[in-house]
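Here are a few short notes for a first look. Please keep the structure open while reading.

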Amino acid sequence: MAKKIKHKPGRPKKGVTQITREFVLDKAWDLISEVGFREFRLTSLSESLGIRTPSLYNHIQDLEDIRREMKRRSLQMLGDRLTLKTKNQNHSSDRVFEFLIAYRSFAKAYPQFYPLTVESAESDPELKPLGDRILAICMEVFRLQTLDETSVHRIRILRSLLHGFIVLEEAGGFGRKESVEESFKKITESLESGRLW
């Protein structure tokens, strides 16, 4: 009688999806979307994959490795969304409007991952091109020719304004009856006209 072969932890049984790094990271994305980074645990990730926690290290290094990959994906997605919404707009005011709408909608759609896109990627050689891509889109939309001191200040003002609005909205900081959408529209109009500068 043939000897029965036991499957080692981390190896999928017949008919079970092959566990790869990409599959593990996809599952991590789903879990973080549900519970947030604060409540995310490797034990929960391994349970959702049907493997033991030590077997995760065949595919990832540690929690920071997962966080870095989530940041990479978030920057890529935000860049894709901004490009899609602005590339076919012929008028500068339309590009500004679509840029702001796309940025805000990304933050609302992915509240667990949006904060990762706010962090600087300057010190990471792999992530820096993704951050530079978003910067380039921003410069084109707001007609900034070179990244000189004036442009840097303007981009910082823009980011602070947008991020502040997003954070306040997420935290329920707009409690009065006046329309939040109208407030955002006024921000958009100020940036379209250049009056904010």
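1. Start with the lining of the largest pocket. Helix 3, helix 4 (92–109), helix 5 (114–118), helix 6 (128–141) and helix 7 each give at least two residues to this lining. Bear in mind that the model is predicted.

2. The lining of the largest pocket counts 23 residues. Nearest the centre of the pocket lie E122, G131, L135, I155 and R159. The volume of this pocket is about 560 Å³.

3. What classes of residue make up the lining of the largest pocket? There are 14 nonpolar residues, 3 polar and 6 charged.

4. Next, turn to E169. This residue sits in helix 7, which covers residues 149–170. E169 has a relative accessibility of 22%. Buried means under 20% and exposed over 50%, so E169 counts as partly exposed.

5. Which residues does E169 touch, leaving out those up to four places away in sequence? They are R104, K108, F174 and V180. As for L75, E169 is 94 residues from it in sequence. In space, the two are 21 Å apart, C-alpha to C-alpha.

6. Last, look at H59. Its place is the loop between helix 2 (42–49) and helix 3 (63–86). Is H59 buried or exposed? The relative accessible area of H59 is 17%, which is under 20%, so H59 is buried.

7. H59 also has contacts beyond its neighbours within four places in sequence. These partners are I19, T20, R21 and V24.

Conventions:
Residues are numbered from 1 along each chain as its sequence is written. This is a predicted model: local features need pLDDT of at least 70, side-chain atom pairs count only at pLDDT 80 or more; totals for chains, interfaces and linings use all residues. Side-chain values use heavy atoms; hydrogens and water are left out. Helices (H or I, at least four residues) and strands (E, at least two) are DSSP runs, numbered from the N terminus. Buried means under 20% relative accessible area, exposed over 50%, partly exposed in between (1.4 Å probe, protein chains only). Contact means heavy atoms within 4.5 Å. On a 1 Å grid over the protein atoms alone, a cavity is a set of points where a 1.4 Å probe fits but cannot get out, and a pocket is an open set with protein on both sides within 12 Å along at least five of seven lines; lining residues have an atom within 4 Å of a point. Grid points are joined across faces, edges and corners, and a volume is the space filled by probe spheres set on the points. Ala, Val, Leu, Ile, Met, Phe, Trp, Tyr, Cys and Pro count as nonpolar, Asp, Glu, Lys and Arg as charged, and the others, Gly among them, as polar.
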